[in-house]
Amino acid sequence: MSRVVTWRALVAFGALAALPALPLASKYYLLLAFDALLFGAIAMSLDLLIGYTGLVSFGHAAFYGLGAYATAILLERGVLSVWACLAGAFVVVSLYAAIVSYFATARRGIYFALLTLVFAEVVYTFFRYTQTFGGSDGIQGLPDAVLWRGVPIDTPERKYYLVLVYLAVAYAVCRVVVTSHFGRVLVAIRENEDRARFLGYSVQRYKMAACMISALLTGLAGAIYPIRSAFATPDLMLWTESGEFIISVMIGGLGTLVGPILGGVFFTLLRDKVSSVVDWYFIVIGVVLVLIVLFMPKGLLGLRRLVGSRPWRQAA
Amino acid sequence: MDYLVAVLLPQLLHGLVFGAALGLLALGLTVIFGLLGVMNFAHGELYMLGAYAGIAVIGLTHSFWVAMILAPLSVAALGAVTEIATLRPIYRREPLYGLILTFGLALVFREGARQIWGGDMRRILPPVTGSTPLLGMTYPNYRLFLLGASSVLLLAIWVFFTRTRAGVLVRAAVQDAEMLDGLGVNVPRLFTLTFAGSAALAALAGLLLAPVFTVYPQMGVEMILLAFIVVILGGMGSMGGSVVAALVIGIAQSLFALWMNPQRVAIAIFGIMIVVLIVRPRGFFGREGVLE
């Protein structure tokens with residue numbers, strides 16, 4: 001097997017593809033699985049930036065939300081093709097991401113985090129107060145998207161497979177990126193930016209490219225969301241949403257790709273389970289986050305190493 | 001002329017009042033950033049808790065003035081405990097962890113406040129009522145008091161950092177904490193006390209602004225974004241820069257509110273920041289290479 005397609009990945013995706021066949025897989029659980037995998041895919045895209053390049057983006061919710069709005073606007077206007085929605089999201093998100101990454105990658109560390117945050121807040125404010133796009137209610141009651149003529153994505157199974165295919169594609173893209181020379185330069189930048197620069201790499205260009213890839217993958221994930229939920233609201237772009245993406249990456253383990261997927265799944269399930277029991281689930285999530293930072297900074301995959309099982313193969 | 005006195009002047013004063021209080025908030029953020037390298041995401045929640053602690057104290061004692069002393073003290077105590085329990089163990093780690101840790105703390109504080117005090121809007125009655133004729137207009141007394149109190153506090157902070165031994169130690173720790181440790185100063189205690197001080201400032205800002213705004217669990221979220229912008233504009237780690245930027249943002253915000261609807265004001269403020277960062281990438285007073 002190649003470096004990109006591993007047996008382990010094939011088995012994992014095979015198991016996920018068999019999930020709807022389980023007797024437990026009710027409509028509710030399939031849609032929960034959709035949310036979990038979508039969150040995992042976003043966390044994985046963000047890991048490309050945080051874990052591999054060492055840039056913490058606090059503005060990924062804007063990419064996500066822009067993608068969602070692109071789909072929602074197209075569906076609302078009667079353009080039902082999934083491909084058109086994805087293409088629309090691609091264009092919108094890449095335009096916005098180009099601007100953000102140009103300005104944000106010019107600065108390091110905290111500045112990068114805050115600049116991405118402020119840019120995202122501009123987008124949030126714009127959609128929150130623009131009545132053409134529904135203001136704070138967003139765009140509601142969207143029709144089902146269509147994959148091909150006569151194949152609407154209307155059942156939970158089809159929606160689930162849509163997100164699964166997306167996750168597989170996004171995972172493949174991320175693997176290609178991190179195993180390539182490009183990916184190694186990103187790690188070099190994370191480890192020592194000045195040294196990478198002295199070696200002759202145009203650090204900002206590499207950072208911008210990493211930022212763009214991560215943003216586009218997140219934006220396309222956003223484009224899928226309204227196909228499941230039939231709405232897009234400005235709350236998708238709130239900066240606390242970006243925080244939740246970061247939490248998922250942290251829970252899973254920085255710089256592992258697989259970890260953040262697990263982190264996103266874990267976070268979604270935790271939120272769903274805890275919020276159905278108590279209404280103060282934010283306290284639980286906040287405490288979990290604090291405990292992770294304090295006691296297991298390497299995340300779930302780090303824990304695996306901690307309890308002494310077979311060491312996880314070093315990614316990148 | 002009428003326009004000037006009736007519209008422009010009060011709005012300018014509003015901006016100054018708000019800017020001064022925002023300065024208190026941003027100052028604490030800047031000092032903590034300079035000292036610990038942590039951009040404190042929970043700062044807005046300390047501001048919110050200050051207002052709620054004020055409501056609690058006023059409920060017990062019926063005095064705003066007692067609240068002005070007790071609320072910041074209790075939030076400072078909470079800040080000190082939080083610092084010792086969570087931030088101290090991660091001093092030597094990457095700043096990223098501090099950012100994420102304080103984000104978690106913010107979630108806990110915000111939801112905690114909602115559980116204790118409920119989610120509805122509350123108000124604190126201003127302790128000073130009435131208004132004073134000023135430059136041809138009348139201006140509410142409480143806002144004048146707010147401006148005075150903030151200015152006195154800002155001045156006191158300036159004196160603290162330039163004239164007292166403790167203040168000089170804090171500034172020394174910003175420069176080189178390790179060296180200070182080597183000279184025999186108890187640096188961890190210094191960090192904890194500074195964090196408590198910054199929490200107290202945030203709480204005081206929250207309490208002072210409460211009679212002007214409303215009190216609700218999410219009130220910190222919007223303020224913290226503004227405070228971040230102020231810190232970036234002023235130049236990371238520059239205390240003077242923070243105060244100047246806070247006044248600029250405060251005044252800009254209230255002047256913009258005259259000519260555009262409130263929603264566009266937020267975008268305009270972000271616009272200012274982006275323009276400033278293009279022209280002066282390190283903000284008003286940021287120096288090259290500091291904390292990058």
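**Confidence.** I began with chain A, where confidence is lowest in helix H13 (residues 299–306), at a mean of 59, and highest in helix H3 (residues 60–76), at 94. The score is pLDDT, the predictor's confidence in each residue, from 0 to 100. Helices here are DSSP runs of H or I with at least four residues, strands are runs of E with at least two, and both are numbered from the N terminus. I noted that residues 305–316 of chain A have a pLDDT below 50, and that this stretch has 14 contacts in the model beyond near neighbours in sequence. Where pLDDT is low, the predicted coordinates should not be read in detail. Chain A averages 85, with 93% of the residues at 70 or above; chain B averages 85, with 96% of the residues scoring at least 70. I also wrote down ipTM 0.80 and pTM 0.84 for the model.

**Ground rules.** This is a predicted model, in which local features need pLDDT of at least 70 and side-chain atom pairs count only at pLDDT 80 or more, while totals for chains, interfaces and linings use all residues. Residues are numbered from 1 along each chain as its sequence is written, and chains are lettered from A and ligands numbered from 1 in the order in which they are written.

**Where the chains touch.** I found 31 residues of chain B in contact with 28 residues of chain A (contact: C-beta atoms, placed from the backbone, within 7 Å). On the chain B side, the elements giving two or more residues are H4 (95–117), H8 (219–234) and H10 (262–279). H4(B) supplies the largest share, 15 residues. By class, I got 22 nonpolar, five polar and four charged residues on this side (nonpolar: Ala, Val, Leu, Ile, Met, Phe, Trp, Tyr, Cys and Pro; charged: Asp, Glu, Lys and Arg; polar: the others, Gly among them).

**A helix pair.** How do H9(B) and H10(B) cross, and within what distance do their axes come? The axes come within 9 Å and cross at roughly 140 degrees (lines fitted to C-alpha atoms over the stretch in contact; angles run from 0 to 180 degrees between N-to-C directions). The residues in this contact include Phe256(B) of H9(B) and Ile269(B) of H10(B). They divide into nine nonpolar, one polar and no charged.

Pro133(B) stands opposite Thr138(B) in S2(B). Two residues lie between the strands of this hairpin, and Leu135(B) in the turn has a positive phi of about 50 degrees.

Methods
Contact = placed C-beta atoms within 7 Å. Pairing = 2+ DSSP bridges.
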